[in-house]
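Dear colleague,

I am passing the structure on to you below, together with some notes on what was found in it. Please read them side by side.

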Amino acid sequence: MTPNEMAAAETQNLTDGFHLIIDALKMNGINTIYGVPGIPITDLGRMAQAEGMRVLSFRHEQHAGYAASIAGYLTKKPGVCLTVSAPGFLNGLTALANATTNCFPMILISGSSEREIVDLQQGDYEEMDQLAIAKPLCKAAYRILHAQDIGIGVARAIRAAVSGRPGGVYLDLPAALLGQVMDEIEGQKSLVKVIDPAPKMLPAPEAVNRALDVLKGAKRPLIILGKGAAYAQEDETVKAFVEKSGVPYLPMSMAKGLLPDTHPQSAGAARSLVLKEADVVVMIGARLNWLLSHGKGKSWGEPHSKKFIQIDIEAMEMDSNVEIAAPLVGDIGSCLSAMLAGMGDNWSKPPQDWTDTITSKKETNLEKMAGRLMSNANPMDYHGALGAMREVIKDNPDVILVNEGANTLDFARSIIDIYKPRHRIDVGTWGIMGIGQGASIAAAVETGQNVLAIEGDSAFGFSGMEIETICRYNLPVCVVVFNNNGIYRGTDVNENGDGDVAPTVFVKNARYDLMMQAFGGEGVTATNPDELSQAVRAAIASRKPTLVNAVIDEGAGTESGRIGNLNPQSVVSKKK
Ligand code: ADP
Ligand code: MG
């Protein structure tokens, strides 16, 4: 404080940057911070906690960031991640970029060093022009320099994160801002409550009619539900549209459970068939990116062509990969309500031969799988282990499933049915590894539900230390590590004879369960499906932090799971 400010402080009530930030967040209903303390934001975390916010400290910023983004996905309010300057900021940036890619609303708030020194590149502690670096990796980036701008700065960050297509926002708080003082009453007046942060966006009536015309002409229609539809929390409207239309649907992985996977209209078990054969496809909050082969090629039955109706809040998403015959730009609730109104009372359902073909394909595929799910192979194969997990979720449909890995991800996605909206969280649009513990922590904190995280041993390793965080906050998270001694498989051999193991191989027979015991949680090793099932059921009943080391046959996996085709092939030699 300057002498003038000190003199003023004696006669008036003051507030400062720290308190204004906390007040601004709280005023906007943000009550949880995920982060890692350190200079210059340690006191910000302490004061936020003292002011009644929940402050969850992590061991690494990346996982705090993933947690914030999943908090955003689950609540439609921006999840906040708080980090220190330069290195902490960079660690959080991966999560911010991932949030933006996935359309999850989050705000990465980072402290930063002295502006004057940073801008002259004079070598400050953790010096970095963070705003410039964050900008290309997020939806919006702001820096606040004056205490009186905190209200409007936080408001901008919130609106940017949740309006239109949600995404990641960066908010830069130079250390000097935090200690700036101003009159308390003026400070309170400067705060901004964001009115209607994610305004509805109604589709144009002619766009609705165009979409209905295309759908009416369909002989083999298909609906694809994406995680944008799950995010929208318009569960009843989605259900009403799917059921009134009678159109078979495919859920993208995080849209599983929006309608229960056991719903008669689910075409999940006939995925290849419906993608190939459909003549009209209604995309609802899903993108035609790599996860859907960009909407073209053999898996889409080319050379036959299809017509797409696409519902999305982001106009620029239309025609991203193929022509969209009926773009419907607006929020999912408004678009589907308008479609439902336009369908009237006499909407005719799709031709019976189309739905019959799908039903019989489903039955064949499910029957084929059922036998394999009973596998009692020892060590376990994926089907045996996941067959047991499928039953656990069936009996405990409120449990939120978190899933990452390669084979562990691919098999679990198709084997484990999900019954409720937003009850499956996974590697998302990037296919990122390392979300396991961050996502689990956020899911447990934001919903209070039990979380079951099924992770490959490699995927688990990216955020393994965060099991201490899970124990510290005593969260009802059960982590199951599918331990096959390595990445994809544990069987690769180094052929140059230098004594190192192959690059994809880990320590054999590692005891991940002992890691959990180190922090006071339950740690169990399971070598067969019964043991695995018992351990997970016990964890759900007790709500105690648990890690089950599930011993999987080290030869059972395939390279890169189902996306091995994305590996470039050497034409010179490929040693097996
Ligand atoms: P998936 O991976 O399940 O296909 P994506 O993340 O690729 O899902 O697609 C989600 C889409 O949903 C994005 O294009 C996004 O713009 C859109 N979206 C997100 N929220 C809404 C909403 N409330 N209304 C309409 N579209 C939304
Ligand atoms: Mg593995």
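Is Lys361 buried, partly exposed or exposed? Lys361 is partly exposed, with a relative accessible area of 35%, where buried means under 20%, exposed over 50% and partly exposed in between, using a 1.4 Å probe and protein chains only.

Please note that this is a predicted model, in which local features need pLDDT of at least 70 and side-chain atom pairs count only at pLDDT 80 or more, while totals for chains, interfaces and linings use all residues. Residues are numbered from 1 along each chain as its sequence is written, chains are lettered from A and ligands numbered from 1 in the order in which they are written, and side-chain values use heavy atoms, with hydrogens and water left out.

Turning to the metal, the magnesium ion (ligand 2) is coordinated by Asp457 (OD), Asn484 (OD1) and Gly486 (O) at 1.9 to 2.0 Å, donors being N, O and S atoms within 2.8 Å of the metal (3.2 Å for Na, K and Ca), and the site may look incomplete because water is not among the atoms. Both Asp457 and Gly486 are buried.

As for salt bridges (a side-chain nitrogen of Lys or Arg within 4 Å of a carboxyl oxygen of Asp or Glu), the count comes to 21. One of them joins Arg59 and Glu468 at 2.9 Å, N to O; Arg59 is partly exposed, at 44%, whereas Glu468 is buried, at 15%. Arg59 and Glu468 also belong, with Arg472, to a network of salt bridges. In another, Lys256 pairs with Asp261 at 2.8 Å between the closest N and O atoms.
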